[in-house]
Amino acid sequence: MAFVEEVQTFLDEAWKNRLPAKGRPDAGLVREFRLLATELGYLYRSIPKAYGGSEQPADPMRGRIIRECFEKARAPMEVPGAGMSMLIPTLLEHGTEEQRQWFIPKTILGEYRWAQGYSEPGAGSDLASLKTNGRLEDGQWIINGQKIWTSQAYSATHMFALVRTEPDAGKHAGISYLLLELDQPGISIRTIHQITGQSEFCEVFFEDARTPADWIVGGRGSGWQISKTTLKHERSNIGGVRTLGLLESLWRLARNVEIDGRPAAEDPQIRDRMMVLEGYVQAQLCCGYYQFAQAVAGGSAGRLPLLNKIAGTRIALEIAQVAQDIIGDRALELANHGETTRRDPGQWVNQIFGSLALSIAGGASNIQRNIIAERGLGLPKDEAI
């Protein structure tokens, strides 16, 4: 309780009491708050002080308290995005000291915003088939090719990308992990218009784009092994779908939208489906508590972490399907892509569309099942056909 009170007191003084009476806090206040929160050990806890973090000992209990208190106060946490969630952990594990010193502080401050250059038109789940290539010439990598489904590349300053640099090596052995600036001649970015009306994803084209020779993470041809670090963190984030919050929102929808003249929550079929969902969500919650307890005790949760992504995305898809049946044909009127709120049924239209993508993002569900079977359960690989 003492630590909870400490965090709440900090949030009252450094955040709540400084918020403007109207409108959103400006970027200067957010930046100043993050710097102070880091100095006091509340943010960037796993990152060494030498790279701009607070370098706190691993403490899952304190980490959870901080997250819950910050969320309740609607205070900014770490700068969101692929840089914080995927690149920094990869650099801490595989990067050179110079790379850590140069890239991590700027990423923490939001000066560098990162896009992930993995998927290609002919290399999605079979990522090792990628064809974007790089050759070393006069101290620079010259890159040609294309990436697709690149989230928010239009607002990114940099990219971490998998590039084939060893054309004579094997399929997996010829790939390197390169960092590069996006604002340069030879790189063009095109947004992809989605069914939701948004344009979150992009195509990125490379025509003799350049990056310094030492902006390679790990050795030449080691990109495939290094990419597993990045994907591990990506899948953990995608798997962390807030299914309990989604289910609570679904219950609100069911109470506020009528089917045949009465709230959908009173419809027997809807109630049956939602109670099944309740069981899945509670089971996932208990698994999360177990994993958290094991982490606090310094133990291992075994194979359970492998299930996080596939379980979370599956539950989110089921929730979206129930919401779709509750809204019914009204979705045609609501899908105007205008401003919506969490209480507005129109928000569920985007949730329904987005839930389909979650089963593909970060590795398709069938790929995840193979990983669980082979690496988690030790089952033999399928024979090549």
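Visitor: Where is Arg74 found?
Guide: Arg74 sits in the loop between α3 (60-73) and α4. Please keep in mind that this is a predicted model.

Visitor: Why is Arg74 called exposed?
Guide: Exposed requires a relative accessible area over 50%. Arg74 comes out at 75%, so it counts as exposed.

Visitor: Where does Asp138 lie, and why does Asp138 count as exposed?
Guide: Asp138 belongs to the loop between β2 (133-137) and β3 (140-151). With the exposed class starting over 50%, its relative accessibility of 76% places Asp138 among exposed residues.

Visitor: Let's go on to α4. Why is Gly83 called buried?
Guide: Gly83 is part of helix α4 (residues 82-94). Buried means under 20% relative accessible area, and Gly83 has 5%, so the label buried applies.

Visitor: Which residues does Gly83 touch beyond its neighbours within four places in sequence?
Guide: Those contacts are with Ile88, Thr107 and Trp114. There is also a C-alpha separation to mention: Gly83 and Met159 are 76 residues apart along the chain, and their C-alpha atoms are 8.9 Å apart.

Visitor: How do you know whether Thr107 is buried or exposed?
Guide: Thr107 has a relative accessible area of 4%. The limit for buried is under 20%, so Thr107 is buried. This residue lies in helix α5 (residues 97-108). Not counting residues up to four places away in sequence, Thr107 touches Val79, Gly83, Met84, Ile88, Tyr112 and Trp114.

Visitor: What makes the pair Thr107 and Trp114 a polar contact?
Guide: A polar contact needs a pair of N or O atoms within 3.5 Å. The side chains of Thr107 and Trp114 make such a contact at 2.9 Å.

Visitor: Why are α4 and α5 called roughly antiparallel?
Guide: Two packed helices are described by the angle between their axes and the distance between the axes. For α4 and α5 the angle is about 160°, with the axes 10 Å apart. Angles over 145 degrees count as roughly antiparallel, so α4 is roughly antiparallel to α5. The crossing itself is left-handed.

Visitor: Which residues make the contact, and how do they divide by class?
Guide: From α4 come Gly83, Met84, Ile88, Leu91, Leu92 and Glu93, and from α5 come Gln99, Arg100, Phe103, Ile104, Thr107 and Ile108. The classes are seven nonpolar, three polar and two charged residues.

Visitor: What makes α7 and α9 roughly parallel?
Guide: The axes of helix α7 (residues 243-256) and α9 come within 10 Å and cross at roughly 10°. Since angles under 35 degrees count as roughly parallel, α7 is roughly parallel to α9. On the α7 side, the contact involves Thr243, Leu246, Leu247, Leu250, Leu253 and Ala254. On the α9 side are Gly312, Ile315, Ala316, Ile319, Val322, Ala323, Ile326 and Ile327. By class there are twelve nonpolar residues, two polar and no charged ones.

Visitor: How do you know that α9 and α12 are roughly antiparallel?
Guide: Helix α9 (residues 304-327) and helix α12 (residues 365-376) pack at about 150°, their axes 10 Å apart. The limit is over 145 degrees, so these helices are roughly antiparallel to each other. Their crossing is left-handed. Leu306, Leu307, Lys309, Ile310 and Thr313 of α9 meet Ser365, Gln368, Arg369, Ile371, Ile372 and Gly376 of α12. That contact has five nonpolar, four polar and two charged residues.

Visitor: What about the protein overall: how many helices and strands, and what share is buried?
Guide: The protein has twelve helices and ten strands, and 42% of its 385 residues count as buried. Among contacts with a separation of 6 or more, 68% join residues 24 or more positions apart.

Terms used. Residues numbered from 1 in each chain as written. Predicted model: local features only at pLDDT ≥ 70, side-chain atom pairs only at ≥ 80, totals over all residues. Heavy atoms only, no water. Axes fitted to C-alpha atoms, helices over the stretch in contact; angles between N-to-C directions. Helix = DSSP H or I, 4+ residues; strand = E, 2+ residues; numbered from the N terminus. Parallel < 35°, antiparallel > 145°, perpendicular 65-115°, else oblique. Left-handed = near helix turned anticlockwise from the far one by under 90°. Contact = heavy atoms within 4.5 Å. Nonpolar A, V, L, I, M, F, W, Y, C, P; charged D, E, K, R; others polar. Buried < 20%, exposed > 50% of the residue type's maximum accessible area, 1.4 Å probe, protein only. Polar contact = N/O pair within 3.5 Å; in protein donor to acceptor, adjacent residues only side chain to side chain.
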